[in-house]
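Thanks for coming, everyone. Have a look at the model on the screen, and then I'll walk you through it.

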Amino acid sequence: MSRTIMDKFTEQQIVAAVRATSAMCFFNHIMDIEYCDAVVCAMQISHDQNGQLTDNDLQLINDLMP
């Protein structure tokens with residue numbers, strides 16, 4: 001049985017990652033339409049910091065946006 005994103009991340013962590021990237025970029029990545037380093041980074045940092053992204057985190061994520 002496959003796990004969904006909600007099995008691995010809280011809603012707060014997902015919302016933080018979507019806000020840090022964009023809804024379209026996040027959706028395309030999650031649906032395997034287009035890989036996005038920014039989403040991977042945002043999800044990892046958001047998970048590690050329980051949805052709390054700093055200005056430095058946001059800059060790093062923004063620098064990875066396509």
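Start with α4. Its buried residues are A38, V39, C41, A42, M43, I45 and S46. Buried means under 20% relative accessible area, exposed means over 50%, and partly exposed lies in between, with a 1.4 Å probe and protein chains only. Helices here are DSSP runs of H or I with at least four residues, strands are runs of E with at least two, and both are numbered from the N terminus.

A word on the source. This is a predicted model, where local features need pLDDT of at least 70 and side-chain atom pairs count only at pLDDT 80 or more, while totals for chains, interfaces and linings use all residues. Residues are numbered from 1 along each chain as its sequence is written, and side-chain values use heavy atoms, with hydrogens and water left out.

Back to α4. The helix has 12 residues and reaches 17 Å from first C-alpha to last, close to the 16 Å expected at 1.5 Å a residue. That expected span is 1.5 Å times one less than the number of residues. Just after α4, N50 takes a positive phi of about 50°.

Now the core. Which residues touch the most other members of the largest nonpolar core? They are F26, V39, M43 and I61, in a core of 14 residues. α2 (11–20), α3 (23–30) and α4 (37–48) each supply at least two residues of this core. α4 gives the most, with 6 residues. By nonpolar core I mean buried Ala, Val, Leu, Ile, Met, Phe, Trp, Tyr and Cys residues joined through side-chain atoms within 4.5 Å. In soluble globular proteins, nonpolar side chains tend to be buried together.

Take M43. Leaving out residues up to four places away in sequence, M43 touches I5, F9, I14, A17 and F26. Contact means heavy atoms within 4.5 Å.

Next, α2. Here Q13, I14, A16, A17 and A20 are buried. Seen down the axis of α2, these buried residues fall within an arc of 160°, so they line one face of the helix. The arc uses directions from the helix axis to the C-beta atoms. On the other side of α2, E11 and R19 are exposed.

Finally, zoom out. The protein chain has 5 helices and 0 strands. Of its 66 residues, 33% count as buried. The C-alpha atoms fill a box of roughly 35 × 25 × 15 Å, taken along the principal axes.
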